[in-house]
Amino acid sequence: MRPDDDLSLPHPARYQPQRQPLADPLGDMRARQQRSGQWSAHQMAGQRWPVACVSLEITQRCNLDCTLCYLSESSEAVRDFPLEEIYRRIDTIVAYYGPGTDVQVSGGEPTLRPRDELVAIVRRLAERGLRASLFTNGIRASRALLAELAAAGLVDVAFHVDTTQERAGYPTEHDLNALRREYIERARGLPISVFFNTTVHQGNFEQVPMLAAFFVAHADVVRFASFQLQAETGRGVLGARADLIDNDSVAVRLQQGAGTALRFNVLAAGHHHCNRSAVLLVAGGRAYDAFAEPAFVQRFMRETAHVRIDRGTRWKSVRSMAMAAWARPALALAGLRWGLRLAWRMRAGLLAGRGRVHKLTLFTHNFMDACQLDPERIEACVFMAITQDGPLSMCAFNAQRDAYLLRPLQTSTGTWQPLPPGHDAVPTFPIKWLKGRPRAQARQPRQAAVTAKQAQP
């Protein structure tokens, strides 16, 4: 448990934000992995970084109504935080974790924020030395906007596309590939990395191999594909996931789609029940396991843990890793031998692809149900949400969002209220502000009244 956690509070409110920066955040993360039994020589948390990423939510509004939405029942009514508060939270991230931290600019749908404010937020993140990623459903993320954000310092764009969004005209994941291709073309050639997020649920579980094959086929642009397992939290309507969906079963299907055996978690990131990852190299349309020799990969990570890998473009990434190895002759020699062996295994693909190679990471994230938080996993968490009080594990935050979202904030101009005048609880919200489960519940009395009226003689 973290020092700020209070076991006297009801679950999940017992999990509290870290309220003060630490003198040694990297050492603190290492100690947390040790206490939770997750420490190993290949654990990146506490070696390469003090936190994997921090979610900076800049709006609670959204232009979709996902059946597995993690947002709270009051989200659509909550006003956007003032820019002053967003900037303060950015400074808090730097104070807690330092420059180089990955920050997800998210929501809600962050592109619903006024364009000039969104650009200003990304620019402020870049000025503070943070690596900004835009997490968006893509509807308003035009190429012009992405280019402007890239110029302001955006490092990555992550498109969330899957059947939980119930987009009109796209009933299956296969149908949604047309939309994914459109988004890929919007970002092609821009100096940003392209990610895709997919929520895995019973309705698309059997389509995971097809999705993996799609991302392999588009690895010339797509560098990271995250598969996030269904969790019962927020205002969604699907509830808990089926027992057959877990990190292991999704990993099996990812290998089927990639067409090759993969080693997951050669490099660990936090708790093994939370995150799994595998890295592919794609050449000539064929996928190869980049981590087929785990001993060297783990050694490289340990000996270059202090080096910041530049993700902006593929060549910058390769250059930064090569320079890190070159500074260590023994590592450079081992890397050369490893590279030659890898090239020999990939020879058919390299010939077919005329030497062109693309890197693709396949990642699974197993979020916890709001009422089933595991203290050990919270302790080892590497994915934080930034609140007005400090960083908090994302799963713990999702389980008690309104405790933070509905609290007034003090700004330089006075007290800022999160809800419009006259609205202080979910039942008072107009139905147009509701989504997911609250909207379905609000409609039930109306539907019952209509049914009763129709039944009258």
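Two strands pair if DSSP finds at least two bridges between them. Keep that cut-off in hand for this predicted model.

**Exercise 1. Find how strand 7 pairs with strand 8, and in which sense.**

Solution. 
- Step 1: Locate strand 7 at residues 275-283.
- Step 2: Count the bridges. Four join strand 7 to strand 8. The cut-off is at least two, so the strands pair.
- Step 3: Read the sense. The two strands run antiparallel.
- Step 4: Check opposite residues. Valine 282 faces alanine 287 of strand 8, and leucine 281 faces tyrosine 288.
- Step 5: Look at the turn. Two residues lie between the strands of this hairpin, and glycine 284 has a positive phi near 60°.

**Exercise 2. Find the partner of strand 7 across eight bridges.**

Solution. 
- Step 1: The partner is strand 9, and the pairing is antiparallel.
- Step 2: Serine 277 stands opposite phenylalanine 363 of strand 9.

**Exercise 3. Decide whether the faces of strand 7 are covered or open.**

Solution. 
- Step 1: In a regular strand, side chains alternate between the two faces of the sheet.
- Step 2: List one side: Asn275, Ser277, Val279, Leu281 and Ala283.
- Step 3: List the other: Arg276, Ala278, Leu280 and Val282.
- Step 4: All of these are buried, and both faces are covered.

Methods:
Residues are numbered from 1 along each chain as its sequence is written. This is a predicted model: local features need pLDDT of at least 70, side-chain atom pairs count only at pLDDT 80 or more; totals for chains, interfaces and linings use all residues. Side-chain values use heavy atoms; hydrogens and water are left out. Buried means under 20% relative accessible area, exposed over 50%, partly exposed in between (1.4 Å probe, protein chains only).
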